[in-house]
Every structure is written in C-alpha cells, then in structure tokens.
Amino acid sequence: MEDIVLHLIGGLTEAMQPLNLTMIIAGCTLGLLIGAMPGLGSVNGVAILLPITFLVPPTAAIIFLAAIYYGAMYGGAISSITLGIPGASTAVATVFDGRPLAQAGHADRALTAAAVASFVGGTISVLLFTAFAPPLASFALKFGPPEEFALMVLAFATFIGLGGDDIPKTVFSILVGLVMASVGLDIISGQPRLIFGDIDGFLHGINFLVLAIGIYGIGEMLWTLETTRGEVMVHKVTISWQRMKHNCKDIKNYIKTTSMGSALGYFVGTLPAAGATPASLMSYGLAKTFSKDPDSFGKGNISGVAAPEAANNAASTGSMLPMITLGIPGSPTTAILLGGMIIWGLRPGPLLFTENPEFVWGLIGSLYIANFATLLINLAFIPLFVKILTLPFSILAPVIYILCVVGGYAPTQTMHDVWLMLLFGVVGYLLRKLNYPVAPAVLAIVLGPLAERSLRQSLLGSHGDVSIFLTRPISAVCIAIAVALICYPLVQKLQKRRRADTGTGTG
Amino acid sequence: MTVRTAELLIAILLALCSIGLMIKSAELRIDWVPDRGPGSGAWPFWLSTGMLLACLATIVRWFRKVTPESTNLDLFMTRETVLLVGISAGSIVFLLVVTHLLGIYVALFLFLLFYLKFVGRHSWLVTVTMMIVVPIFIFCLFEWALKIPLPKSISEPLFYPIYDLMYS
C-alpha cells in the first residue's frame, strides 16, 4: 500500500510537469469539444489525433490521449442536453432526462449535474484503478504465451456473450480484424502473406490506424450525415452565478445514484465488450429501479442525468485497467491507445509497471488531474461549447475528412494506406447499416499480431498439442469463462423459448 | 434495393471474399512444419474459414428470417442518403486523385472550395478563409512540427522557398 502511495506521488509529480500539464489541459478541452459534437466521441478523437502525438514523448502523448478520452465522456452530455442528440453513443442515456430538463428551461441544472456526476464517477474509478492495477499487474507477470492467448480468447468471447449484437456478424467482425492483422510479413518465418494483387503497399501490413480512422473517422461521419442530415437545433442555456449556487445545492439529490453508478460503471468498463455505453444504460436502469419516484424518469429527473454520466466516466477509467495491466484493451478507444503504445516502442502488459513505471504512474497521476481540470473547464466554458455546437456540419465535415486523410497518411507515409482507409470507411459504414458491429474488428486488428504470436509460441512449446490451453490452470479458467460466455446467449434463447412455451401452455 | 436484399447480397459477397482469403492463405503452408510450428498460412486460413462459416450462418438466418434485417423491407439507402453519402465519399476520392496528380495542398484548396461553396453554400468569406487557414494549419502541424512531408507531386517546386526558410 505504501508503495502505491509513493508511486502515486511520483506519478502526480510527473503529470504536473509543464509539458504534461499542458497536454492534460489541451486534451481535456479538445475532448470536451469532440465529445460534444454529435457524431464524434472519444474513439473518433483518439483515432484521428493519434498521429499528431508523435510530436511529444510517449508519456505526454498517452496523457494527452487519455485526457481526450476523459474529456469526451464529459462532453457527450453537453450535446445530449442542449441538442437532444447524444454527442457520442456513451451519452445516449443522458438524453432521456437531459432533454426534458432542457426543454423545461433547466439546461444549466442538467449540465451542472452531468459535470458533477462525471467528476464523482471519475474520482471513484481512479481510486479503484490505483488500488487494483498494481496487484493485477504483478499477478499477470506469471502469464506465459498460453495464458496470453487464452486471455485474448476471453476478450473476444465477451463480445459474443455480452455485446448484444448479432452473433454470426460479431464473429465475422472479430475474424476479419484478425485476418487484416495477419497481412504483411509473417512474424515467425518472415514470408510475405496475403499480398493482394502483388501490391507492395501490403508488404508492411495494414496499420491498425488505417482501419480505426477509416471506420471511426470517415465511416462515422457518413453515418452522422445520414442520421442527422446535417441539421441540429440548440436549446438555450441560461447561466448565472445565482443559478449556479442553486444548482450546487442540488447535488445531495443525486449523490447516491452517482456513487452507485460510478462503481457499476468502473466494473462494467473493465470488460472488453461492455464499456461506457452499456454501463451508462445499466446505471440509468439502476437509478430508476432504486428511485422513490421511478415514474419521473424520462420526464426530467436530475438523477437520470447524473447516473449515466457518472457511469460512463467511471467506465472509461475502468477500460484502462485491462489495457495497462494485461495488455488487453477494455474498449475500442483503449484498443487505439494500446496500438499507439506499440508505435511509441512500449510493450503493453504487466511488464510496463516494472519497465516503464514513470509512464504508467504518470498516466495514473494524470487521470486525477484531468478529472479535476475537466470539471473546471467544463463549468467555466459551457456557454462557449454550446456556441461551437452551432457550427454548421458542412464546415466541420470537410475539416474532419482532411484530418482523416492526413492522419491516415502520417504513420506510414504511403497513399496506399489512405486509399485503404477510405475503402474501410465506406465498407464499414455499409456494414454498420446492416448491423455488423465494427468495434470487435478494431480490437482484433490491434490484438491480432499478439494473439497469433502467443498461439504459435504455445503450440510450438507443446509440439502441436492444443490441450496446453486446458492443462495450465490460469488459461483453463480463461477458456472455461470464454466458453460459458459464448454459450450464454444460447442458454438465454433456450430459456426464453421455454418460458414462451410454458406461457402458451398455461394460457 | 431493400434492407432484406442487401443483407443477403452482402453476406454472399463476404462469403466469397472469405473463400478468396482461404485460397490466398493456402498459397503458403497451412499444415504443421516440423520445428517451426504451424505454417505461415495456417492462422489466416483458419480465420478465413471461420469468416466463411459466420457468413453461411448469416445466410441461413436470412432464409429463416431470424434477423431484423432479413425481414426489413425498407429501402437500404434512400435517394437522399445516396446523394449525401455519395457527395462526401466522392469528394474524398476527388481529394485523393488530385493529391496524386497535383499534390495535397492544391487538392485541399479545391476540396474545401467544392465542399464549402457548392455543398455547404457558405459565403465567399467563410470559404476563402477556410481555404487559406486549413492548408496552412496542416502544413505547420505536419511538415513543420511533426516533420512528416506530405505528398506534393508536381507542386513540389513551389515549396522550395519555404523549405529554404524552414531548414536554413
């Protein structure tokens, strides 16, 4: 425990370095803006802006991106409340009560509640993160290739079991991501693989950023264009010192649901398939169930704004836990952060704590500061953010397309990748229209090389005997949970059918 | 085309792609290589086999009308959507083609002119301001700060004086 406190103090000092502090403030502000803009969320911001972080050292870079992640979770609420359109999918639940409050002229009350709840969610989850991360990392040090592979199988199984999407389509998405990761030179034999049409561009593989920017940059913009038709309607926000003081007194009304949502959000966030969106929806449901006045939910109950906002912020920190300690991202955004760490020359996983302590603890320290910074920036500049939201989509869209094109070019500096990115964007958009989930593919392309390496090393060690995954205890447990998760939707379906049968039988 | 038809067509197309990937992977060894473990093609081969099975499952579910998409008779893309999405995707293709021919800065200039003036119908003031500010911002960020040269094609000589200033 003492060690953790000492490391944390070191981390906070690292995060307070002028460059890192500037990165936190810049990241939080940008994150707030990105989160507030309909159609753009943390994952889009992090994917599009990752290439520009090559400018600074890795610690400052991850601090910047984590601050964007954090800020975007706060920012999502701004458009949910003032526009009635969720700024990101993670803020969908905030619309349910945020919009009625804004329509009744209480937009400022809802915005303050969202900011305070996000702060509480962030704080609780960072404390949990600090307590859980070091022991989990030292436990993970025992992992060999079979355990690593089993853990990745488990991560993918969560998408099948808990993702809630069409199962064959989810499986397809995972596998296509893994296949894309195998394009290029084989990691063991060095032979070129899947070089389509003998195009040289494929020799260096498909960079995960090409897929991520394609899907979350171009694909997402096309999606937003279709759903919003480029038109938005902003509710007026009236803010004064007097009203602010009154809003602060409101806090006691939602502090209970906020704390509950924070803890829930953190744990849901650690699961790869779950993340901030389901966490916020579950937290909303929980707040409604435990409320003395459940009927007022959906009509402008302040707890209905606070609960999901606390949960989505807590979930964003939660999703960093498996990324930092196990090298398995807990969300698409952390998948991109993980890919970034590989580009910066770091090896994600438990060794980070011993090999790069200043990086890990700097990041953890920055989360504390980012949380505070975002609260202040958010409360101080709400009117400004609302004004920026009125920016026409036809100005925003071309700027984002340009950032995507240049960002897609920067990592490898070939036009081949930019064309590929455009192709992924359009195909991703079309598949999304048919309910193919895209997040598993992004996670898979990041984890693909690691998964293949650990599988081949395991099999080589066991001379081709696959039972190695079942004879080692940790990997056996992971595989067992993975199988249970994969079977879970089937069991659910059978139960539903049986219930329906008995229902018709008795009725 | 209805959503129902699109669901089937896309599933068939993806199944064919999966078969293509299986064939492509099988060009390498997909069996066990003594002392080296699974052959280079084994991993992508079995993954593509899984992709094919997933597509077949989607096709079976389509025939059994299990998924919401397989019973949805709405248009997959309305005329308005095709227009909106087509203009955006088309303008990015234009941006990339002009980048190949004339370099990225000329392309950015023309892309912004097209998007802001003709799609967004913004005033000349907004259009011209953006046409100047955005390329300068991109240049400063990528070429100057990040030292990543962007493709300039035949417009490269125009930048020689700026390089002289930057690197002198």
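Guide: Before we start, two residues are in contact if their C-beta atoms, placed from the backbone, lie within 7 Å. This is a predicted model, where local features need pLDDT of at least 70 and side-chain atom pairs pLDDT 80 or more, while totals for chains, interfaces and linings use all residues. Residues are numbered from 1 along each chain as its sequence is written, with chains lettered from A in the order written.

Visitor: How many residues of chain B are in contact with chain A?

Guide: Take the chain A side to begin with: it puts in 50 residues. Their partners in chain B number 55.

Visitor: Which helix gives the most to the side of chain A that touches chain B?

Guide: Helices here are DSSP runs (H or I, at least four residues), numbered from the N terminus. Those giving two or more residues to this side include helix 8 (167-181), helix 9 (208-228) and helix 18 (393-409) of chain A. The top contributor, with 10 residues, is helix 18 of chain A.

Visitor: Are helix 6 of chain A and helix 11 of chain A parallel, antiparallel, perpendicular or oblique to each other?

Guide: Helix 6 (residues 107-140) and helix 11 (residues 251-269) of chain A pack at about 40°, with axes 9 Å apart. Axes are lines fitted to C-alpha atoms over the stretch in contact, and angles run from 0 to 180 degrees between N-to-C directions. Angles under 35 degrees count as roughly parallel, over 145 as roughly antiparallel, 65 to 115 as roughly perpendicular and the rest as oblique. Helix 6 and helix 11 of chain A are therefore oblique.
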